[in-house]
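I wrote down what I looked up and what I found.

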Amino acid sequence: MDFSKGHGTQNDFVVLPDLDVAIDLAPARVTALCDRRQGLGADGILRVARAGALADAGVLTEIPTGIAADDWFMDYRNGDGSIAEMCGNGVRVFAHYLTASGLENRREFVVGSRAGARPVVVHATGATAGDVTVGMGTVTELGTSSASIEGRAFTGMGIDVGNPHLACVEKDLHAEQLAALDLSIAPAFDPAFFPHGVNVEFVTPLEDGGVSMRVYERGVGETRSCGTGTVAAAAAALRHDGRSDGTVTVKVLGGAVQVAIDKGVAELRGPSVLLAAGSISDDWWRSLA
Ligand SMILES: N[C@@H](CCC[C@H](N)C(=O)O)C(=O)O
């Protein structure tokens with residue numbers, strides 16, 4: 001079973017090309033593969049296939065609106081084996097992988113996700129380094145909710161960018177306080193507001209066109225970046241500043257990305273790195289069944 005390993009601002013993924021959709025991604029296998037001691041180690045898995053092939057194999061019950069059967073589809077799994085609708089860093093790595101591997105010759109094409117079509121522009125696609133812009137679609141504001149860490153409450157804006165986020169921008173949260181937050185355990189949130197769980201971002205106020213962010217991801221834990229989370233963070237920071245549109249540099253533990261929001265529609269531009277390729281032992285994979 002071939003794999004590549006990549007990351008987008010250190011949000012890392014095992015990429016599994018599976019054009020025939022022959023790989024069984026049962027949750028126990030995903031968790032083992034993503035485990036950093038037992039497996040290859042990653043925040044999530046990106047299965048590479050066409051939308052029609054995934055539907056024919058029963059992985060997708062239906063192809064989401066706006067995606068054609070022969071469009072590429074990012075079948076994303078969180079490290080705990082759960083399925084998420086979207087992954088912004090994942091789409092960049094996915095598009096970079098497709099173009100760097102020669103599976104795709106175009107520089108502008110659609111990547112399907114469970115949240116819908118995500119158009120990409122691949123600005124650069126080296127064997128190792130890539131640079132990709134992703135059309136992230138509509139940013140839907142859900143209202144105010146809160147999260148807490150060690151009894152400290154943070155008020156934030158619920159935001160849907162295909163998957164759910166709570167982006168907490170605090171007036172007095174500066175880089176040092178952000179760095180000191182303990183995200184080794186999951187922040188508490190309101191399950192009535194987020195019945196399917198939530199990704200929680202802690203965000204400094206907008207300053208000189210930029211914010212800093214840390215994130216606790218649903219289905220993973222703290223990660224060094226979350227692309228959809230950076231869009232939610234940018235939207236919440238702009239609102240906190242009395243605006244709805246603008247371009248924001250979002251600094252995360254693993255680097256920085258650019259988010260542009262115009263009339264409620266977002267674009268995300270950032271790097272991708274493909275650092276390894278190889279094969280997974282069939283015996284090991286079978287032993288996980
Ligand atoms: N890291 C991703 C988001 C992955 C999905 C998320 N954990 C969820 O369950 O919604 C990103 O870059 O957007």
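The entries below begin with the ligand and then turn to individual residues.

**Entry 1, the model.** I note at the outset that this is a predicted model, and I number residues from 1 along each chain as its sequence is written.

I first asked where the ligand sits, and I found it in the largest cavity. I then listed the residues around the ligand, of which there are 15, and noted that Asn11, Gly88, Glu217, Gly227 and Thr228 come nearest. Sorting this shell by class gave me five nonpolar, eight polar and two charged residues. Which elements supply at least two residues of the shell each? I wrote down strand β4 (72-78), helix α3 (88-101) and helix α5 (227-240).

In the side chain of Asn11, an N or O atom is 2.7 Å from a nitrogen atom of the ligand. For the side chain of Asn78, I recorded 2.9 Å between an N or O atom and an oxygen atom of the ligand. I then checked how much of the ligand the protein covers: on its own the ligand has 370 Å² of accessible area, and the protein covers 100% of that.

I moved on to Lys5, which I located in strand β1 (residues 2-8). Is Lys5 buried or exposed? Its relative accessibility is 14%, and because buried means under 20%, Lys5 counts as buried. I also looked up the partners of its side chain, and found a polar contact with the side chain of Asp12 at 3.1 Å. A polar atom of the Lys5 side chain also lies 3.1 Å from the backbone oxygen of Gly41.

I searched for residues other than glycine with a positive phi, and I record two of them here, starting with Gln10, whose phi is about 70 degrees. Gln10 has its place in the loop between β1 and β2 (11-17), and at 35% relative accessibility Gln10 counts as partly exposed. For Lys263, which is not a glycine either, I noted a positive phi near 50 degrees. Lys263 is found in the loop between β16 (255-262) and β17 (265-279). With a relative accessibility of 70%, Lys263 counts as exposed, because the cut-off for that class is over 50%.

His123 is found in strand β6 (residues 116-125) and, at 33% relative accessibility, counts as partly exposed. How far is the C-alpha atom of His123 from that of Thr133? I noted a separation of 7.6 Å, with the two residues 10 apart along the chain. Gly255 lies in strand β16, and with 30% relative accessibility Gly255 counts as partly exposed.

Notes: This is a predicted model: local features need pLDDT of at least 70, side-chain atom pairs count only at pLDDT 80 or more; totals for chains, interfaces and linings use all residues. Side-chain values use heavy atoms; hydrogens and water are left out. A residue is near a molecule or strand if one of its heavy atoms lies within 4 Å of it. A polar contact is a pair of N or O atoms within 3.5 Å; within protein, one must be able to donate a hydrogen and the other to accept it, and residues adjacent in sequence count only if both atoms are side-chain atoms. Accessible areas come from the Shrake-Rupley method with a 1.4 Å probe; for residues, only the protein chains shown count as cover. On a 1 Å grid over the protein atoms alone, a cavity is a set of points where a 1.4 Å probe fits but cannot get out, and a pocket is an open set with protein on both sides within 12 Å along at least five of seven lines; lining residues have an atom within 4 Å of a point. A molecule sits in a cavity or pocket if more than half of its atoms lie within 2 Å of its grid points. Helices (H or I, at least four residues) and strands (E, at least two) are DSSP runs, numbered from the N terminus. Ala, Val, Leu, Ile, Met, Phe, Trp, Tyr, Cys and Pro count as nonpolar, Asp, Glu, Lys and Arg as charged, and the others, Gly among them, as polar. Buried means under 20% relative accessible area, exposed over 50%, partly exposed in between (1.4 Å probe, protein chains only).
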